[in-house]
Amino acid sequence: MNSIKQTSHNAPKPRRRPFARSYARLALGLVGRAFAVAQRIDPEVRRELSGLPRGFSFALAVHPHGPSICLRMGDKGRLSYTGPAPERPDVLMRLQNMSSALAVLTFSKSAFEVYARNGLAVSGDLPATMAIIRALGLVETLLLPRAIVRRVLKRVPPIPALRKHAERLAIYLALPFAGPRKEHDYAA
Amino acid sequence: MQRNDYFEFHNPVKILAGKSALDALPNELERLGSHRPLIVADKGVRAAGLIDVVMKATGESNFEPAALFDEVPPDSGTRTAAAAARLYRETCCDGIVAIGGGSVIDTAKAVNVLVTKGGDDLVAYSGAGAITGRLSPFIVIPTTAGTGSECTLVAVVRDDDRGRKLLFVSASLLPDAAIIDPRMTLTLPPLVTAATGMDALTHAIEASYCLGKNPLSDSFAERAIEIVARRLAAVTRTPSDVDGRLELALASTMAGIAFSNSMVGLVHSLGHATGAVCHVHHGVAMSIFLPHVLEYNLNRRGAEIGKLLLPLAGPEAYFSTPDGKRPHEAIARIRALQEELAALAGLPRRLSETGKVKREDLDEIARSAVDDASLAYNPEEADIADCRALLEHAY
Ligand SMILES: [Fe+2]
């Protein structure tokens, strides 16, 4: 890029939505933490992600210039929330604009619908992405009331009620301690 | 689930269609600024004399390709694409003309990425949206009426080093032009005509009820369904029917436009998995799974599936069928078409009839199907057990 500051004549300036942005950052942060905790305590989440190789990273980002989160498979097969997305994660799921992001992060629309209508773009290994999406569905089921889960998933995964409530409590209690962890925390 | 009112529709492919459409190839190349095109084809296309048909149709215009690469195998991969790209560079080509079916067209898309972006490592470009900007001049002449690949933004190519499929999704992959000429499909044997026609029908049907459906893709899909329903059995019976061949080829292109913009669902998840595990022909798999998957999606998409009866059976049958019976009647029509094609061309109706699938394979197929990305677009959820049950039904 050239260094000369370009002048513009009467051109409209971007009008940001600071509240939307803060909400998206907060919601993404919660999803990142909950995902990491759920992988530790829920056997099915762990099973879905067991095919991911060590060091595998996947990220969810609001495009362009929006907040993002990244999760990484540690050396002991433990998933960690590592903060904002790095340059090239193995799988990148990109919410294409703030409207799509809010629809997904307020759980008012299904991620599948948003994906099918070009509101969510995915790059990277597709079988791995499908496993991550299945795991994310389980995490949502553990976190959210049934009425909301029915809106965002095609089918509510059958987790026994007692186990679901116990795990939900455990996840919420563990959230404040769930990251983000720096890369060097689990260097080999 | 709620409906999303936002959608995108993209089809920048110029379509040249008709009984003498091939004659326009030199003009199109000139329009695109290509003077030394590379022809990408396979041995079958060459043996069927289809390259000669093109050369004859364009002879008066002194059409002279710079090189011919006719070594695309049925299950083409990264090494084939790299070899074609090498030929392109060595002979200083400046455009690509693909003459063939799905494998040839997808390979040509990959070649176009390599010769425009440089290098020979396709893996770096795999995934969704990794390829941006304009590629080199690219014209497709399909020789089957089924894949619709001449109008899709997708390419599937085998990673020859790691033995897995690479999926490329990018608007840059869309060809500049597609030439639909019935001379290219006239010699297709009945079984291939039937199977590829059922692939086109599946594209149109899945496009019209899966999650990415939108008003524009709907209109392309509906017309494609109507043509396949009316013409496929007749053309399978009378392969030399030029008008029918042209209509079927157009239906395949329209179905391609529809599903390139709304994507496909569970029929394709099961079909890709069955192809990968047991090497069942893609169109054959589509035909086998289509009615079962429609029944599976009835709860979520009964109304949409009921509407299929209109293009499948015509207005009289549609309006004389009560609303509540239309979904089942639509599925019954597809089964009837299947039976007809089985009698005419020996098109398998069940997995066991393909002679390639053993019961022991079903578990592996089910496991692989849930990892197929097209499942994300299917209205109804399907886990491994659901896929296993569907496979059992279709066995
Ligand atoms: Fe297909």
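Me: Is A:Pro89 buried or exposed?
Reply: This is a predicted model. The relative accessible area of A:Pro89 is 12%. The cut-off for burial is under 20%. So A:Pro89 is buried.

Me: Leaving aside neighbours within four places in sequence, which residues is A:Pro89 in contact with?
Reply: A:Pro89 sits in the loop between β3 (79-83) and β4 (91-95) of chain A. A:Pro145 is 56 residues apart from A:Pro89 along the chain, and their C-alpha atoms are separated by 31 Å. Contact requires heavy atoms within 4.5 Å. With neighbours within four places left aside, A:Pro89 is in contact with A:Ser57 and A:Ala59.

Me: Which residues are the protein donors of the iron ion?
Reply: In sequence the donor residues are spaced D-x3-H-x64-H-x13-H. The donor atoms lie 2.2 Å from the iron ion. They belong to B:Asp199 (OD), B:His203 (NE2), B:His268 (NE2) and B:His282 (NE2).

Me: How many residues apart are B:Asp199 and B:His268, and which helices hold them?
Reply: B:Asp199 is buried at 5% relative accessibility. B:His268 is buried too, at 3%. The pair links distant parts of the chain: B:Asp199 is in helix α6 (residues 190-209) of chain B and B:His268 in helix α9 (residues 266-278) of chain B. They are 69 residues apart.

Me: What is the arrangement of the four donor atoms around the iron ion?
Reply: For four tetrahedral donors the ideal angle is 109.5 degrees. To count as tetrahedral, all angles must lie between 85 and 135 degrees. Around the iron ion the angles run from 84 to 166 degrees. That makes the arrangement irregular.

Me: How far apart are the end C-alpha atoms of helix α5 (residues 126-143) of chain A?
Reply: The helix has 18 residues. At 1.5 Å a residue, they should span 26 Å. The model agrees with this, since the end C-alpha atoms are 25 Å apart.

Me: How many of the residues of α5(A) are buried?
Reply: The helix is largely enclosed by the rest of the structure. The count behind that is 14 of the 18 residues.

Me: Which residue caps the N-terminal end of α5(A)?
Reply: Look at the backbone nitrogen of A:Ala128. A side-chain oxygen lies 3.2 Å from that nitrogen. The oxygen belongs to the capping residue, A:Asp125.

Me: Which backbone nitrogens lie 2.9 Å from a polar atom of the side chain of A:Asp42?
Reply: A:Asp42 is in the loop between α1 (18-41) and α2 (43-49) of chain A. It is buried, at 0% relative accessibility. Not counting residues up to four places away in sequence, A:Asp42 touches A:Leu142, A:Arg163 and A:Glu167. The nitrogens at 2.9 Å belong to A:Glu44 and A:Val45.

Me: How many aromatic pairs are there over all chains, and what is the geometry of B:Phe9 and B:Phe220?
Reply: The count over all chains is four aromatic pairs. The ring centres of B:Phe9 and B:Phe220 are 5.7 Å apart, with planes at 20 degrees. Planes under 30 degrees apart count as stacked. So this pair is stacked.

Me: Which parts of chain B does that pair tie together?
Reply: B:Phe9 is partly exposed at 26% relative accessibility. B:Phe220 is partly exposed, also at 26%. The two are 211 residues apart in sequence, so the pair ties together the segment before β1 (14-17) and helix α7 (residues 215-237).

Me: What is the geometry of the pair B:Tyr318 and B:Phe319?
Reply: B:Tyr318 is buried at 12% relative accessibility, whereas B:Phe319 is exposed at 62%. Their ring centres are 5.0 Å apart and their planes stand at 85 degrees. That makes the pair edge-to-face.

Me: What is the omega of the peptide bond from A:His63 to A:Pro64?
Reply: Most peptide bonds are trans. A:Pro64 lies in the loop between β1 (57-62) and β2 (68-73) of chain A. The bond from A:His63 to A:Pro64 is cis, with omega near -20 degrees.

Me: What is the phi of B:His279?
Reply: Most residues other than glycine have a negative phi. B:His279 lies in the loop between α9 and α10 (282-307) of chain B, and is exposed at 55% relative accessibility. It is not a glycine, yet its phi is positive, at about 60 degrees.

How values were computed:
Residues numbered from 1 in each chain as written. Chains lettered and ligands numbered in written order. Predicted model: local features only at pLDDT ≥ 70, side-chain atom pairs only at ≥ 80, totals over all residues. Heavy atoms only, no water. Helix = DSSP H or I, 4+ residues; strand = E, 2+ residues; numbered from the N terminus. Buried < 20%, exposed > 50% of the residue type's maximum accessible area, 1.4 Å probe, protein only. Donors = N, O, S within 2.8 Å, 3.2 Å for Na, K, Ca; no water. Tetrahedral: all angles 85-135°; square planar, octahedral: opposite > 155°, others 65-115°. Expected span 1.5 Å × (residues − 1). Polar contact = N/O pair within 3.5 Å; in protein donor to acceptor, adjacent residues only side chain to side chain. Phe/Tyr/Trp six-rings, centres within 6.5 Å; stacked < 30°, edge-to-face > 60°.
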